[in-house]
Amino acid sequence: LAYDGQYFYGGASGNSIYKMDFTTTPPSLVGTINSPSVTVRNICYDPNADSGNGGFWVANWSTDMTLVSRSGVVLSTIASATHGQTSTYGSAYDTISPGGPFIWTINATSAVNATITQLSATTGAPTGISHDLTADVAAVGMLGGGLFIEPGLVSGTVTLGGLLQGISLFG
């Protein structure tokens with residue numbers, strides 16, 4: 001899921017981005033956005049995209065990462081050969097870390113780990129910062145899920161967190 005401050009957005013391994021309101025009872029689907037060039041398995045919100053109107057970086061496993069506007073127009077693409085990510089389950093857009101913006105991904109780079117990797121949002125290339133979660137919270141064969149970045153969850157810090165499918169929430 002991605003969040004723009006008002007709505008949540010997500011995919012279901014298809015070419016639609018679902019816009020959802022979780023403040024209504026029951027929660028509601030507000031609308032959909034076409035993702036014309038890529039299946040939406042992972043998604044993160046880029047508030048600076050489309051001249052400040054916002055957009056969504058979406059991808060499926062090891063495909064190109066595509067920046068899609070709120071109206072479904074492809075704004076930019078990071079080639080898979082550039083980002084080098086495989087089995088990407090989740091992503092988070094980082095406007096907080098110095099030197100950014102960055103896109104963080106969580107991948108199952110092998111059967112024994114879940115790895116978080118930082119990509120330059122400008123070039124799409126890995127920055128060289130990555131972390132294997134296996135020793136921290138994962139066990140052999142655990143798969144990553146979604147990612148998020150949020151300031152203030154712990155006072156005075158910024159948390160990069162996520163999910164390991166069926167196992168844990170980490171930060």
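I take contact to mean heavy atoms within 4.5 Å. With that, I looked up the contacts in the protein chain between residues at least 6 apart in sequence: 36% of them join residues at least 24 apart.

Basis. This is a predicted model, in which local features need pLDDT of at least 70 and side-chain atom pairs count only at pLDDT 80 or more, while totals for chains, interfaces and linings use all residues. Residues are numbered from 1 along each chain as its sequence is written, and side-chain values use heavy atoms, with hydrogens and water left out.

Overall form. I find two helices and 15 strands in the protein chain; these are DSSP runs numbered from the N terminus, helices being H or I of at least four residues and strands E of at least two. The radius of gyration is 15 Å, close to the 16 Å of the globule rule for 171 residues, so the chain is as compact as a globular protein of that length. I took the radius over C-alpha atoms, and the rule is 2.2 Å times the number of residues to the power 0.38. The C-alpha trace spans about 40 × 40 × 30 Å along its principal axes.

Surface. Of the 171 residues, 40% count as buried. Buried is under 20% relative accessible area, exposed is over 50%, and partly exposed is in between (1.4 Å probe, protein chains only).

Cores. I searched for nonpolar cores, meaning sets of buried Ala, Val, Leu, Ile, Met, Phe, Trp, Tyr and Cys residues joined through side-chain atoms within 4.5 Å. The largest has 13 residues, and Trp104, Ile106 and Ile116 are among those with the most contacts inside it. Strands S9 (88–94), S10 (102–110), S11 (113–120) and S13 (144–151) each give it two or more residues. S10 gives the most, with four. Apart from this core lies another, of twelve residues, including Ile17, Tyr45, Phe56 and Val58. I then listed what Ile116 touches beyond four places in sequence: among its contacts are Trp104, Ile129, His131, Leu147 and Phe170.

The S6–S7 loop. Asn60 lies in the loop between strand S6 (55–59) and strand S7 (65–69). At 13% relative accessibility, Asn60 is buried. Leaving out residues up to four places away in sequence, Asn60 touches Val38, Thr39, Arg41 and Asn42.

Aromatic pairs. I count five in the structure. Rings of Phe, Tyr and Trp (its six-membered ring) pair if their centres lie within 6.5 Å; planes under 30 degrees apart are stacked, over 60 edge-to-face, and the rest tilted. Trp61 and Tyr89 have ring centres 4.9 Å apart and planes at 90°, so this pair is edge-to-face. Trp61 sits in the S6–S7 loop and Tyr89 in S9, so the pair ties together parts 28 residues apart in sequence. Trp61 is partly exposed at 31%, and Tyr89 is buried at 17%. Ring pairs also link Tyr3, Phe8 and Phe22 into a cluster.

Salt bridge. The search of the whole structure gave one, the criterion being a side-chain nitrogen of Lys or Arg within 4 Å of a carboxyl oxygen of Asp or Glu. Arg70 pairs with Asp4, the closest N and O atoms being 3.2 Å apart. Arg70 is in the loop between S7 and strand S8 (74–78) and Asp4 in the loop between strand S1 (2–3) and strand S2 (8–10), so parts 66 residues apart in sequence are tied together. I note Arg70 as partly exposed, at 33% relative accessibility.
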